[in-house]
Amino acid sequence: GPGDLEVTGLGTLGAAGPGQLTFLANPRYRAHLENSRAGAVLLRADQLDVCPVAALVVKDPYLAYAKASHFFDTASVPAAGVHAAACVAEDAVVPARASKGLSGRWVPTR
């Protein structure tokens, strides 16, 4: 496919549009591939001949899609520090990059 293609999101094989990445892992969905409007598709080499859009040939499309999805994770990252209302033992050592909220669990920050 084109080297300047910008992928801005993810979508299902049947619904993905331009700028979205999708995948074909199950041969039962091959008909959706033939009509795909996705920006790019992750697929195996034996599926390339029926792909009408840009393709990324991978050994395991499902795994590659799962890994790629992390680039589009929009979950907020908690701020580092300890919430004022959190209960923390006085002798606890809290790493500078850790975040402690009211949930009772430590969350690593990026």
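This is a predicted model: local features need pLDDT of at least 70, side-chain atom pairs count only at pLDDT 80 or more; totals for chains, interfaces and linings use all residues.
Me: How many bridges join β2 to strand β3?

Reply: Three bridges do, and these strands run parallel. Within β3, alanine 40 stands opposite leucine 21.

Me: How do I read a pair of aromatic rings, and how many aromatic pairs does the count come to?

Reply: Look for two values: a pair of aromatic rings is described by the distance of the centres and the angle of the planes. Here the count comes to two aromatic pairs. Phenylalanine 23 and tyrosine 62 form an edge-to-face pair, at 5.8 Å centre to centre with 70 degrees between the planes. Phenylalanine 23 lies in strand β2 and tyrosine 62 in helix α2 (residues 61-69), so this pair ties together parts 39 residues apart in sequence. Phenylalanine 23 also pairs with tyrosine 65 in a tilted arrangement, at 4.5 Å and 35 degrees.

Me: Is tyrosine 65 buried or exposed?

Reply: Tyrosine 65 is buried, because its relative accessible area of 16% falls under the 20% cut-off. Tyrosine 62, at 56%, is exposed, while phenylalanine 23, at 21%, is partly exposed.

Me: Where does glutamine 47 lie?

Reply: Glutamine 47 lies in the loop between β3 and β4 (54-57). With 3% relative accessibility, glutamine 47 counts as buried. The side chain of glutamine 47 reaches the backbone nitrogen of arginine 44 at 2.8 Å.

Methods:
Residues are numbered from 1 along each chain as its sequence is written. Side-chain values use heavy atoms; hydrogens and water are left out. Two strands pair if DSSP finds at least two bridges between them. Helices (H or I, at least four residues) and strands (E, at least two) are DSSP runs, numbered from the N terminus. Buried means under 20% relative accessible area, exposed over 50%, partly exposed in between (1.4 Å probe, protein chains only). A polar contact is a pair of N or O atoms within 3.5 Å; within protein, one must be able to donate a hydrogen and the other to accept it, and residues adjacent in sequence count only if both atoms are side-chain atoms. Rings of Phe, Tyr and Trp (its six-membered ring) pair if their centres lie within 6.5 Å; planes under 30 degrees apart count as stacked, over 60 as edge-to-face and the rest as tilted.
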